[in-house]
Amino acid sequence: MVKQDVLSLIEQHYPSLSPSARAIASYLQQHPLAIVSQTTAEIADKTNTSKATVSRFFRQLGFASQQDAKQAQLALRDSGVPVLTQGNEIDQTATELNNLTRTFDGLRPEVLQNISEQLATAPRVTLIGFRNSYPVALHFRQQLQQIRKTVRLLPQPGQTLGEDLHDIVAGEVFVLLGFQRRTKVFKHVVAALTGQKTVLITDPTGQIYNQQVEHVLVCHLGNDNPFYSYAAPMSLVSMLCNMVYRHIGESAQVRTQAISHLYEELDELER
């Protein structure tokens, strides 16, 4: 089990800390990056305390050492908790490009071809996403809906899944989107769909399900910033939808034109 955030523990223990320990606590609250970037000696120097006092401070929080606290903080980030682990020098553009490169370098063209054919020809496509995965699934649905019929998004707001997962059409394709900090129900959804045509779009941690689904597409979200980036999943969705469009061909174009006419009739979009 991942330990609690160091900053939360500092706040919890602050009333019982000694004056010197409070100096360390205040410093770390103002400079949270120090937890993972500085040594015990550096923290002691910055707070005018001793290495022994710093070590005792971290033991009072429940850690064996400052290194133990550092590893706990990094483990929190790896599990998806927004935690600052690097300074302000992060090159966001380079990070995004690295995420995209790692994602697309790991995708096999023949697998993408097979998935896009399934999405183009299936009698129905169902997209399922929870929490941060839901907006990606919603965008995927909106794109596919412009070029083919019978695309649904689950879960519907305020609704349970049982009825919809029972109502499966022969040949239906399910696309599961499950990124870090997946809900507890996600594994049960995967299990319920075992044997169906199922594609999982996930980050590297979702590969634990690769024996239960037909295809796994891994997206890299980055691990340097407090929050994950969803540029790679959104870019993958764009790629798949463009491939589906080409598979469907002329009828996709006819559908998009008809929908565009409806936009005009309903006066829904700016001109």
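The model is a predicted one, so to speak of local features a pLDDT of at least 70 is needed, side-chain atom pairs count only at pLDDT 80 or more, and totals for chains, interfaces and linings use all residues. Residues are numbered from 1 along each chain as its sequence is written, and side-chain values use heavy atoms, with hydrogens and water left out.

Six of the six residues in β3 are buried, where buried means under 20% relative accessible area, exposed over 50% and partly exposed in between (1.4 Å probe, protein chains only). Strands count as paired if DSSP finds at least two bridges between them. β3 runs parallel to β1 (residues 125-129) over five bridges, with L127 opposite V175. It also pairs in the parallel sense with β4 (residues 197-202), over six bridges, and here V173 faces K197. Getting from β3 to β4 takes the chain through helix α11 (residues 185-192), in a right-handed β-α-β crossover (clockwise from the first strand over the helix to the second, with the strands pointing away from the viewer).

Over in helix α2 (residues 19-30), 12 residues reach 17 Å from first C-alpha to last, close to the 16 Å expected at 1.5 Å a residue; the expected span is 1.5 Å times one less than the number of residues. A21, I24, A25, Y27 and L28 are its buried residues. Seen down the axis of α2, these fall within an arc of 165 degrees, so they line one face of the helix; the arc is that of the directions from the helix axis to the C-beta atoms. P19 and Q30, on the other side of α2, are exposed.

Most residues other than glycine have a negative phi, and most peptide bonds are trans. The L154 to P155 bond, however, is cis, with omega near -5 degrees, and P155 lies in the loop between β2 (151-154) and α10 (162-166). N48, not a glycine, has a positive phi of about 55 degrees and counts as exposed at 73% relative accessibility. R131, also not a glycine, has a positive phi of about 50 degrees; this residue is partly exposed, at 46%, in the loop between β1 and α9 (133-145).

Technical notes
Helices (H or I, at least four residues) and strands (E, at least two) are DSSP runs, numbered from the N terminus.
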